[in-house]
Amino acid sequence: MIRDEFRGGKINVDKTYKLLEKLSIPCNYLHVKSIFKANDRLKQGRITIEEFRSIYRIMAHREEIIEIFNTYSENQKFLFEKNLLQFLIQEQYALDMTKNTAFEIIQKYEPIEEVKRAHQMSFEGFIRYMGSPECLIFKTDCGKVYQDMNHPLNDYFISSSHNTYLVSDQLLGPSDLWGYISALVKGCRCLEIDCWDGSRNEPVVYHGYTLTSKLLFKTVIQAIEKYAFLTSDYPVVLSLENHCSPPQQEVMADILQCVFGDSLLSDMLDDFPDKLPSPEVLKFKILVRNKKIGSLMETRERKGSDKHGQVAEYEEIDQDVDDEVKASKSLAVLEDNSEERSDTINVAGLPLFRRRRVKVAMALSDLVIYTKAEKFRSFQYSRLYQQFNESNSIGESEARKLLKLKAHEFILHTRMFITRIYPKAMRADSSNFNPQEFWNIGCQMVALNFQTPGLPMDLQNGKFLDNGGSGYILKPHFLRDIETQFDPNETPRDTDPVTLTIRLISGIQLPPSNNSSSNKANTLVILEIFGVPDDHVRQQTRVIKKNAFCPRWNETFTFIIQVPELALIRFVVESQGLITGNEFLGQYTLPVLCMNKGYRRVPLFSKMGESLEPAALFIYVWYVR
């Protein structure tokens with residue numbers, strides 16, 4: 001095959017790149033271009049077959065892989081089935097492997113037919129196997145739904161987004177259907193929809209009292225219907241931030257019923273009159289989260305009746321605890337066209353309260369079944385009065401105060417009730433908070449601005465890789481147990497810690513620095529554990545100067561992780577910059593307990609979450625519990 005490419009004489013860099021790809025050697029064009037230039041002896045922009053072979057060896061024959069191969073090859077030319085099996089068991093911890101498995105790997109990855117027929121593996125086959133998905137760091141089993149999906153909804157972390165319709169900032173940016181589509185494709189299961197009265201009796205979606213553009217509510221619902229179950233079969237919750245008048249709320253109810261049809265959960269399930277159903281039971285269902293009037297039984301009694309023009313009014317008391325509440329709610333309360341009328345009351349010796357009378361169309365209210373939105377007042381109030389189907393939204397600042405003062409009470413609350421945490425109103429730039437601190441106390445819906453890349457979204461994407469990317473992850477037992485004594489702020493007791501050792505061996509075709517005119521970077525890697533405060537630790541390698549193609553560190557790091565069930569590990573590759581600061585090159589985040597042992601490849605992703613394939617780290621992982 002190689003000779004055929006050179007029948008017409010020498011080949012240029014583009015043909016070199018394509019030929020490497022044909023030979024199953026994934027490569028970064030910038031690296032190929034730089035290595036081509038170094039091997040083009042006559043500097044004519046075209047190379048001979050001998051020069052191509054030299055480039056091939058540089059791209060494919062990595063020294064660290066040669067060392068592993070030679071360790072297990074008896075003649076340093078081939079691996080017999082027994083040699084490959086020994087490698088898989090001793091190094092890759094694949095204890096259930098058999099001779100037949102080794103045979104299947106040889107059949108799949110060995111490119112030389114006569115070697116394959118002899119049940120052997122050449123180095124060419126071995127590098128193809130080591131570069132395959134089978135040797136990635138992320139466990140294949142975690143890429144499927146493997147957790148018990150029959151617990152009630154409140155027992156799961158649920159992938160959730162904030163102001164899903166926005167694709168930029170919170171004040172001036174555009175509203176776009178792409179916000180909903182991209183969130184659903186990423187496995188998001190709780191979407192937020194800000195609903196306002198529109199012209200011609202058509203409700204619209206936008207960030208009220210700002211200059212963000214508007215979308216028709218109907219168009220948003222149609223887009224959600226199309227993409228809701230593309231990535232995950234499990235239920236989608238539509239969290240309505242409802243500012244519409246009762247007539248337009250009726251329009252919303254009609255749209256929801258017409259577009260979703262039987263997928264819309266509009267009545268309680270017979271087996272779940274007083275407890276939340278499971279994600280399994282609610283597969284392919286849409287749940288509406290909004291204010292609700294009356295009980296589930298009253299809703300059932302009204303089923304099928306004409307609710308046109310029926311409006312109920314209820315009183316809601318807001319405790320004025322936070323600047324973000326003032327910033328985000330006061331305008332909506334005081335506007336003349338709002339269906340919420342408010343009075344402010346101040347009881348001597350108590351905090352300031354705001355009392356609001358809110359009108360709700362019964363047609364919309366009756367579509368709320370297991371996800372009734374209820375104002376959070378206090379943990380004590382919830383213990384005494386909150387119903388099983390009522391969920392709370394708490395701003396990040398208030399939630400953080402409660403986390404610091406009453407972490408254990410917070411956990412007991414999230415054990416019972418779905419709790420949604422949202423970014424403070426001051427984040428006009430759509431920045432995000434660190435979601436880990438709220439996962440640590442069992443908050444189910446930690447809502448982030450999905451459009452904003454960075455550490456928080458890396459943690460979000462990394463966490464929800466687990467359980468098949470379904471958007472639902474079963475909370476650890478200590479966040480579900482009625483007698484739990486767990487407190488993330490205290491040194492954990494009765495945990496099952498993990499000692500994790502990572503040998504960071506090398507980098508594979510890392511992205512070059514933007515400051516480099518060729519394929520260079522001053523590379524370093526940061527390894528960071530996120531979890532309970534006691535587990536949060538950051539370590540880094542030394543800097544390898546002017547090498548993004550194949551930097552070799554061979555450095556070992558050990559982490560003792562007290563609560564591995566909540567821990568994520570993040571690998572970040574940077575290029576050292578002495579004047580402008582370090583430049584981000586790529587990252588990968590995943591749950592600690594989803595890591596494979598042995599020699600593994602860590603794929604890298606850009607700041608925007610795009611794959612940088614074939615860029616990767618080559619590491620050795622070992623851990624014990």
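A residue is called buried here when its relative accessible area is under 20%, and exposed when that value is over 50%. The model is a predicted one.

**Stop 1: strand 5**

Select residues 190-196, which form strand 5. Show the side chains and sort them by direction. Cys-190, Glu-192, Asp-194 and Trp-196 point one way, while Leu-191, Ile-193 and Cys-195 point the other way. Is each set buried or exposed? All of these residues are buried, whichever way they point. Seven of the seven residues of strand 5 are buried, so the strand is largely enclosed by the rest of the structure.

Residues 236-242 are strand 8, which runs parallel to strand 5 and is joined to it by six bridges. Residues 204-205 are strand 6, which runs antiparallel to strand 5, with two bridges between them.

**Stop 2: the whole chain**

Clear the selection and zoom out. The protein chain has 19 helices and 25 strands. Its radius of gyration is 28 Å, close to the 25 Å that the globule rule gives for 625 residues, so the chain is as compact as a globular protein of that length. Along the principal axes, the C-alpha atoms fill a box of roughly 85 × 55 × 50 Å. Colour by accessibility, and buried residues make up 55% of the 625 residues. Among contacts with a separation of 6 or more, 70% are between residues 24 or more positions apart.

**Stop 3: helix 4**

Select residues 49-60, which are helix 4. This helix has twelve residues and reaches 16 Å from its first C-alpha to its last, close to the 16 Å expected at 1.5 Å a residue. Which residues of helix 4 are buried? They are Ile-49, Glu-51, Phe-52, Ile-55, Tyr-56, Met-59 and Ala-60. These residues cover an arc of only 155° around the axis, which puts them on the same side of helix 4. The spacing follows a general rule: an α-helix has 3.6 residues a turn, so residues three or four places apart point the same way.

To see what covers the buried residues of helix 4, select helix 1 (2-5), helix 2 (13-22), helix 3 (29-39) and helix 9 (123-130), which are among the covering elements.

**Stop 4**

Move to residues 63-72, which are helix 5. Glu-64, Ile-65, Ile-68, Phe-69 and Tyr-72 are buried there. They cover an arc of only 140° around the axis, which puts them on the same side of helix 5. On the other side, Glu-63 and Thr-71 are exposed.

Pick Gln-76 in the loop between helix 5 and strand 1 (78-80). Gln-76 has a positive phi of about 55° although it is not a glycine. Then pick Tyr-93, in the loop between helix 6 (81-90) and helix 7 (99-109). Tyr-93 also has a positive phi of about 55° and is not a glycine. At 28% relative accessibility, Tyr-93 counts as partly exposed.

**Stop 5: two more annotated spans**

Select residues 364-480, listed in an unreviewed UniProt entry as "domain: PI-PLC Y-box". The span is 37% helix and 16% strand, and its end C-alpha atoms lie 32 Å apart. Then select residues 480-606, which carry the UniProt annotation "domain: C2" (unreviewed entry). This span is 0% helix and 46% strand, with its end C-alpha atoms 35 Å apart.

**Stop 6: the hairpin of strands 24 and 25**

Finish at strand 24, residues 598-605. Seven of its eight residues are buried, so strand 24 is largely enclosed by the rest of the structure. Strand 24 and strand 25 form a hairpin with five residues between them, and Gly-609 in the turn has a positive phi of about 90°. The two strands run antiparallel and are joined by seven bridges. Arg-600 stands opposite Ile-619 in strand 25.

Strand 25 covers residues 611-624 and contains Pro-614.

Note on methods:
Residues numbered from 1 in each chain as written. Predicted model: local features only at pLDDT ≥ 70, side-chain atom pairs only at ≥ 80, totals over all residues. Heavy atoms only, no water. Helix = DSSP H or I, 4+ residues; strand = E, 2+ residues; numbered from the N terminus. Expected span 1.5 Å × (residues − 1). Buried < 20%, exposed > 50% of the residue type's maximum accessible area, 1.4 Å probe, protein only. Arc of directions from axis to C-beta. Contact = heavy atoms within 4.5 Å. Pairing = 2+ DSSP bridges. Rg over C-alpha atoms; globule rule 2.2 N^0.38 Å. UniProt positions renumbered as here; feature names shortened; annotations may be inferred.
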